[in-house]
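Please look over the sequence and the 3D structure shown below before reading on. The report then takes up a few places in turn.

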Amino acid sequence: MIFLVLSIISSAAIYVIFKYLDRFKINTFNIIIINYITAAVLGILLTKTQIDVFSIYKNAWFPFSIIIGILFIIMFVIIAKSSQIVGIAITTISNKMSVIIPIIVSLIIDPNDILTGFKATGIILAVLAVFLSVYRKRKVEFDPRNIYLPIILFLGMGLVDSFVKYAQQFYVADDILPVFTVVLFAMAALAGLTTKFIRKTSFKELYKPKTMAWGLALGISNYGSLYFLIKALNYKQDTGFTMDGSIVFGINNLGVIALSVIIGLLVFKEKFLKINWVGIILSFIAIYILSKT
């Protein structure tokens, strides 16, 4: 459970960093690139075995690290575009509700992850809690033709976590994890640099102290979020079995939302609707139910 808590804290830290970036009007894409470079370096530092660059592609997990890394950058672009065109509220809901996809995937591919009535109740409450927690009462005006953006975001974010679960389930044990993250985040950084090159924007922005500092902080948080999530999925309990992926993803998502709300209240003085509080209460109930299954 400690790894799950650390993953939640790391993910909430990402929320805090992005909040400050938005407040200070700092270019986030440059920081995203530095963030992925930082995360890749952290993976190298944690790797106890020597990385054979020329044969690493032979590993069964290699394609998944490439796909996830590329999806990281693509989803970042989609989130930015969706926020601008269809609004932050719908974008946030699409992003958070995507947790249902890896939950379903875990139930399908993991023979030990069995859907019981008690667990189903927890999952349903979790999905409802996510929706109510992030709901914002705002006037929504956008061209219906742009509905594809939140749909792509929903599917894309769900695919990212699903690929993580699949890779962890069959290939990524704890000893492989650091190398897996090196390739994953290095690919994300390469995809980001390629995107920057195609956009023909200045690379000098990457070397600014402010960009480097925020990118370093974000990279540490981002790495912790993924590293500890996979550690939580791999961790064997006293029973000798790992915690069900459907439970890990459910509790992780709810925990991040609940902690982010608390930080939003205490640090950023955010205001929440009554319906959001209902969602937070349901999230704690869902976490309790899922932790007992």
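Two residues are said to be in contact when heavy atoms of theirs lie within 4.5 Å.

## About the model

This is a predicted model, in which local features need pLDDT of at least 70 and side-chain atom pairs count only at pLDDT 80 or more, while totals for chains, interfaces and linings use all residues. Residues are numbered from 1 along each chain as its sequence is written, and side-chain values use heavy atoms, with hydrogens and water left out.

## Asn 234 and its surroundings

Leaving aside neighbours within four places in sequence, Asn 234 is in contact with Gln 168, Val 172, Ala 173, Asp 174 and Thr 242. Asn 234 belongs to helix α9, which covers residues 209-234; helices here are DSSP runs of H or I with at least four residues, numbered from the N terminus.

Is Asn 234 buried or exposed? Buried means under 20% relative accessible area, exposed means over 50%, and partly exposed is in between, using a 1.4 Å probe and protein chains only. Asn 234 counts as buried because its relative accessibility is 15%. The side chain of Asn 234 also reaches the backbone oxygen of Val 172, at 3.0 Å.

## Helices α3 and α7

Helix α3 (residues 62-85) packs against helix α7 (residues 148-170) at an angle of about 155°, and their axes are 9 Å apart. The axes are lines fitted to C-alpha atoms over the stretch in contact, and the angles run from 0 to 180 degrees between N-to-C directions. The angle makes α3 roughly antiparallel to α7, a description used for angles over 145 degrees, whereas those under 35 count as roughly parallel, 65 to 115 as roughly perpendicular and the rest as oblique.

The residues of this contact divide into 21 nonpolar, 2 polar and 1 charged, where Ala, Val, Leu, Ile, Met, Phe, Trp, Tyr, Cys and Pro count as nonpolar, Asp, Glu, Lys and Arg as charged, and the others, Gly among them, as polar.

## Around α5 and α6

In α5, the residues Ile 101, Pro 102, Ile 103, Ser 106 and Ile 109 are buried, and what covers the buried residues of α5 includes α6, α7 and α10 (245-266).

The loop between α5 (100-109) and α6 (117-134) holds Asn 112, which counts as partly exposed at 45% relative accessibility. Not counting residues up to four places away in sequence, Asn 112 touches Phe 241 and Asp 244. In helix α6 lies Leu 128, which is partly exposed with a relative accessible area of 39%.

Key. Helix = DSSP H or I, 4+ residues; strand = E, 2+ residues; numbered from the N terminus. Polar contact = N/O pair within 3.5 Å; in protein donor to acceptor, adjacent residues only side chain to side chain.
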